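Thanks for coming, everyone. Let me put the structure up, and then I'll walk through it.

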Amino acid sequence: MGDAGRSEKRRRLLSARFTVYFVLAMCLFPQADYLEVLKLVKTGDKGLRSWSGVNKSSLTRARQRLGWPVMRELFWSVARPLGADGELFRGLRVLALDGILLAVPDSTGNNDAFGKSGSQRSPMGYPQARVVAVAECSSHAVLDAAIGGFKDSERIVSDALDAHAGTGTLLLADRGLWGLARWHRLRDQGTHLLWRIERRKARRVQDVLPDGSYLARIEANKHSKAAGTVKAPPAVVRVIEYRVDGQADIVRLITSLTDHEKYPAEELAVLYARRWEIELVFDEIKTHQRGRPVLRSQTPDGVRQEIYAHLIVHHATRDLLEEAARLHRSIAERTSFTRALHVVRRSVISPSGFSPLSPQEGPTPGTLRNRSQSAAPPKIP
């Protein structure tokens, strides 16, 4: 926690270390109120000190002292690819990029920070936080995430994502996230790209390849204000077009994988369907894990803290699934995420040595790793 600027000067009953575990437990048990979550954590460790004087407001203050960067750093320290080498596509780890909206409580702070749908005069519904994430398609592990508001473009929010993208990865994305400058930034990191794009893009054909795909030149829109005054340089991409049975629209993909012999167009078209795996990831978090239509935090910092805690819980659960799949020689995707979540919940409330106050049972101040480093998976009792 020292990396996030949250080292403690005095020992508290509700220490920063314990508060981290409490926030994670709060996301594991979304239907329980603060004091009930506290009882559940207490059930998991009979050696914890007495909780006399602890109430909802003191737990709220403990969360405020902790802040949200600690949970973001903790997420970065545990987030890592979980898929086996046999799940690579021709040596490339397949990732997907996309975003979701999460409803948050209708407080003044949340409304100002995140915004609502509708117009300024007639806002509708709850404020909504926009989460853009990168996930591994084979394991459903979320590797990086950035948080914005309802009015923030997914394209802009996604520019904050740079963990785990690089040499040896292939990133799938939908047309709503397209940007030429973004393409160059990711390519400069060594990431290969397979992106759906509008039909009016990349129309300057330079060469037709034997498999029916072709190389084309794509340039920045000279009249686009979003591109800014400094335009991104042109790029030569490979274009793959196909039609899904029963649908009239032509799907148009562009990729940096220009070798048609090593990466046949038909294989890339089939592979692109795996982009929808990230929608299943979002469903696991929004529907099965969150268990409630609206997050509980009343402040923007609390919302960010809660979202990163949900991502940590999801990654730990997915890690459990991958480990179980390896032991039983099965496929993690075919194992119930909900069942694994129940296992994690039972482990927290069972007296199995889990201790939020024991220094050897978790990251100590100053030990969180940089996001570019791989980390050992979190232990699930």
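First, a caution. This is a predicted model. The protein chain averages a pLDDT of 84, and 82% of the residues score at least 70. Residues 359-381 are another matter: there pLDDT stays under 50. The model has 51 contacts beyond four places in sequence for that stretch. Please keep that score in mind when you look at them.

Now the overview. The protein chain has 381 residues, and 52% of them count as buried. There are 11 helices and 11 strands. Take the contacts with a separation of 6 or more: 67% of them are between residues 24 or more positions apart. The accessible surface is about 18,600 Å², with 50% belonging to carbon and sulfur atoms.

On to the cores. Which residues have the most contacts inside the largest nonpolar core? They are Phe22, Met71, Phe75 and Ile307, in a core of 76 residues. Helix H1 gives the most to this core, with 10 residues. There is also a second, separate core of 30 residues. Among its members are Leu82, Leu177, Leu180 and Trp195.

Let's stay with H1, residues 16-28. How many of its residues are buried? 13 of the 13, so H1 is largely enclosed by the rest of the structure. At 1.5 Å a residue, 13 residues should span 18 Å, and the end C-alpha atoms are 18 Å apart. Back to Phe22 for a moment. Leaving out residues up to four places away in sequence, Phe22 touches Tyr34, Val37, Leu38 and Leu59.

Next, strand E1, residues 93-103. Of its 11 residues, 10 are buried, so E1 too is largely enclosed by the rest of the structure. E1 has pairings with E6 and with E4. With E6, residues 169-173, the strands run parallel, joined by five bridges. Arginine 93 stands opposite threonine 169 there. With E4, residues 128-136, the strands run antiparallel over nine bridges. Leucine 101 has arginine 130 in E4 as its bridge partner.

Four of its five residues are buried, so E9 is largely enclosed by the rest of the structure. E8, residues 204-208, pairs with E9 in the antiparallel sense over four bridges.

What covers them? After H7 comes glycine 190, with a positive phi near 95°.

Last stop, isoleucine 349, in the segment after helix H11. Is isoleucine 349 buried or partly exposed? At 30% relative accessibility, it counts as partly exposed.

Over to you for discussion.

Note on methods: Residues numbered from 1 in each chain as written. Predicted model: local features only at pLDDT ≥ 70, side-chain atom pairs only at ≥ 80, totals over all residues. Heavy atoms only, no water. Helix = DSSP H or I, 4+ residues; strand = E, 2+ residues; numbered from the N terminus. Expected span 1.5 Å × (residues − 1). Buried < 20%, exposed > 50% of the residue type's maximum accessible area, 1.4 Å probe, protein only. Core = buried A, V, L, I, M, F, W, Y, C linked by side-chain atoms within 4.5 Å. Contact = heavy atoms within 4.5 Å. Areas by Shrake-Rupley, 256 points an atom, 1.4 Å probe, with all protein chains shown as cover. Pairing = 2+ DSSP bridges. pLDDT = per-residue confidence, 0-100.
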